Amino acid sequence: MKEELEELYRYRELLYMITYRDIKVRYKQSIMGFLWAILMPILIVMSGVMVRYAYAMVSHAPLKTADIASVAIKSVPWAFIVSSIRFTCQSLFGNRDLVVKIYFPKEIFPLAAVLACLFDFVVASSALLILLFLIKIGWSIYLLWVPVLVATIVLLCMGIGMIVSAASLFFRDVKYIVEIFLTFGIFFTPVFFDIRMFGDRGKWLMLNPFAPLLDGLSTCIAHHESPDVQWYLYSLVFSLTSFLVGFVLFKHLEPAFAESI
Amino acid sequence: MSDVALRMEHIYKKFRKGETYNSLRDLLPALTGKMFRGQELDAGDRREFWALQDISFEVKRGEALGIIGHNGAGKSTALKILSRIMKPTKGCMIVNGRLSALIEVAAGFHPDLTGMENIFLHGTILGMSKREIQSKLDQIVAFSGIEEFIDTPVKRYSSGMFARLGFSVAAHVDPEVLIVDEVLSVGDYVFQQRCMERIQAVIRAGTTVLFVSHNLKAVTEICPRTMLLEHGKVLAIDQTDVVARRYLGELPEAPEENKPVYVSKVRVRDRAGEQSTFESGQTAWVDIEITAREAVDKLAVVIWFTDDAQYTIFNTSTERLGFAPVSLKAGGTYRCTFELCLNMAHGTFQLATDIFRYDNQRSYDRHNRAATIFIGSSMAVRGAVNCFPKLIDSETIASSTEFCEV
């Protein structure tokens, strides 16, 4: 484990190069690259606003700016989660030639896939920042939570990414299963809705490790409050565990990649 | 550090033929079937085969070992195990030092990136640091010979340019152990020569090299020692000419049918007797005996040499040398001896023979590999032939002052 992490560290320049390659290829036409980065977040935000509008109509409560902000704040990281898991899932398959022919730590592929999506996330976030500035959301000391929460999301995506990328090499239908989860996952994660709408039963939804993180982001940015620390710790432990389990599993399966691809 | 660069000890590798469970949809019912009914989980176990069996060898630091064998003999599997892409089923191995494999020279390239970007990408994939690439950038670009197109996306490159750039990057990795797997099959002749020179320079610099190729000439040029693999087993590890002869000897010969006349004996000899290894420029005698089963007329004996690439580099016959056609009665034999000056440069050559009737163009008994000869050369000659160069004049002419002052 320690040796393997050291080896990964030795190959950090390769991680950087593969990430750079993935980004560079996508942003070859810079305008299209930018549009691509914000396309999915925009669609998710718009559908979120639709859902919240419908909810406001039914409950006869006015749709507040903070609610729209909250949907937007949670949609952008959700787009990152979806695209990074989708991208990692095909990362080993898409680099088949390299997996079969040259030796280096192969976890670089799923990790680079997450990092490349992180770049898209940063681009989309700057667009979001402009939106938040326009609707005068304001700021508070709790914004310091943002990098912590984002880092935890990245860690969790990397862990899941390593598991699904390795699994999809051995079982060809894993990518379809992952796709189904990514499509319907949004209904089980507080993106369009708020955990508090469910009252007491909301805690069951918080068991989804992404829920406390997304909810935390909206709490500290839109509501200027501290996220629930206990739920955050739950997500952190979950993320660390999935990263470690993913890494160990990946390393265990790695020697068999070349044969089963 | 020990002087062993790499060693394989009793390496076995098992593969499965056919498909195993490669989707969850198939696996889960099979698993439950096993749990509830005690069914055999994997029928695939019986369809396995051994790609490598008990492979043991050792390469000393700075040594160049050739690996030859027919397709499917296990060469690539052995290399993949050495480069740690695959794990052996059993056995252990030791690799001392940084290992780099030239297996597929351009595997790391991305078509949308430019040549320059791909140098950095491929270089890091092969284990170089960014600074290392930066310092060798000029060399790499110059070696590839495609300076003009270095800022063009590689998808617009020809396959030759693609391979050249790939090899240039790979050739500058400076590993301690270099694995070369059939990379010389790309690029034009000039570039292949450059690759060979580069590999030889790498060997002279003390790098251990494992060289896999079907090109026996290249193997004889580069490796003093060679290993022959067949069906996943080591058939021989010995001096290259000995192993190469064994390899070629195992090619299936045309079955002896009831030909009216056949070559009954072929012998290549030097002054002392039968011989297969010659120095470039030495004289050799080829004795050929043909025997007739039935009466045949107007025969000529044809001999020719082919090189590794199956090119005919020399061809002659009794008739062309001015001898009248031979007619044989049933049971009759005819002998002839050719005296040849072996002006080839370093390499392995096949002697081929035929009994030919020129007026009706009939070939009676053709042997493409009647004998194999190895030409060694201590002289500084490369290429296909030896022109026995002598340097008879060499002087440096200082720039003359008269010219400068005009």
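Along its sequence, chain A reads α-α-α-α-α-α-α-α-α-α-α-α-α. This is a predicted model, in which local features need pLDDT of at least 70, side-chain atom pairs count only at pLDDT 80 or more, and totals for chains, interfaces and linings use all residues. Residues are numbered from 1 along each chain as its sequence is written, while chains are lettered from A and ligands numbered from 1 in the order in which they are written. Chain A has 13 helices and zero strands. Chain B has nine helices and 19 strands. Helices (H or I, at least four residues) and strands (E, at least two) are DSSP runs, numbered from the N terminus.

**Chain A overall**

- The C-alpha trace of chain A spans about 60 × 40 × 35 Å along its principal axes.
- Of the 261 residues in chain A, 44% are buried. Buried means that 20 or more other C-beta atoms lie within 10 Å of the residue's own; exposed means 12 or fewer, and partly exposed lies in between, with C-beta atoms placed from the backbone.
- Among contacts in chain A with a separation of 6 or more, 79% join residues 24 or more positions apart. A contact needs two C-beta atoms, placed from the backbone, within 7 Å.

- A:Ile23 sits in helix α2 of chain A.
- A:Ile23 counts as buried because 20 other C-beta atoms lie within 10 Å.
- Leaving out residues up to four places away in sequence, A:Ile23 touches A:Ala116 and A:Phe119.
- A:Ile23 and A:Ala116 are 93 residues apart in sequence, yet 5.6 Å apart in space, C-alpha to C-alpha.
- A:Ala112 touches A:Leu15, A:Ile18, A:Thr19 and A:Asp22, again not counting residues up to four places away.

**Where chain A meets chain B**

- The interface puts 22 residues of chain A in contact with 26 residues of chain B.
- On the chain A side, α2 (12-26), α6 (96-101) and α13 (257-260) each supply at least two residues.
- The largest share of that side, six residues, comes from α2(A).
- By class, the chain A side has 13 nonpolar, no polar and nine charged residues. Nonpolar covers Ala, Val, Leu, Ile, Met, Phe, Trp, Tyr, Cys and Pro; charged covers Asp, Glu, Lys and Arg; the others, Gly among them, are polar.

**Nonpolar cores**

- The largest nonpolar core has 141 residues; A:Ala112, A:Val114, A:Cys157, B:Ile179, B:Val180, B:Leu210 and B:Phe211 touch the most other members. A core is a set of buried Ala, Val, Leu, Ile, Met, Phe, Trp, Tyr and Cys residues joined through C-beta atoms within 7 Å.
- A second, separate core has 23 residues, including B:Val261, B:Val301, B:Phe349 and B:Ile373.

**Chain B and its domains**

- Of the 406 residues in chain B, 34% are buried.
- Residues 24 or more positions apart make up 74% of the chain B contacts with a separation of 6 or more.
- Chain B divides into domain 1 (4-24 + 45-248) and domain 2 (261-376). These bounds come from an automatic or database domain assignment.
- The centres of the two domains of chain B, taken over C-alpha atoms, are 38 Å apart.
- Nine residues of domain 1 of chain B contact 10 residues of domain 2.
- On the domain 1 side, α7 (216-222) and α8 (240-249) of chain B each supply at least two residues.
- That domain 1 side holds three nonpolar, two polar and four charged residues.

**Strand β17 of chain B**

- Strand β17 (residues 347-357) is mostly covered, with eight of its 11 residues buried.
- β17(B) pairs with strand β13 (residues 296-306) in the antiparallel sense over seven bridges. Pairing requires at least two bridges found by DSSP.
- B:Val301 has B:Ile355 of β17(B) as its bridge partner.
- β17(B) also runs antiparallel to strand β19 (residues 367-376), joined by six bridges. Here B:Gln350 stands opposite B:Thr372.
- Two bridges join β17(B) to strand β18 (residues 362-363), also antiparallel. B:Arg357 stands opposite B:Arg362 in β18(B).
- β17(B) and β18(B) form a hairpin with four residues between them, and B:Gln361 in the turn has a positive phi of about 55°.
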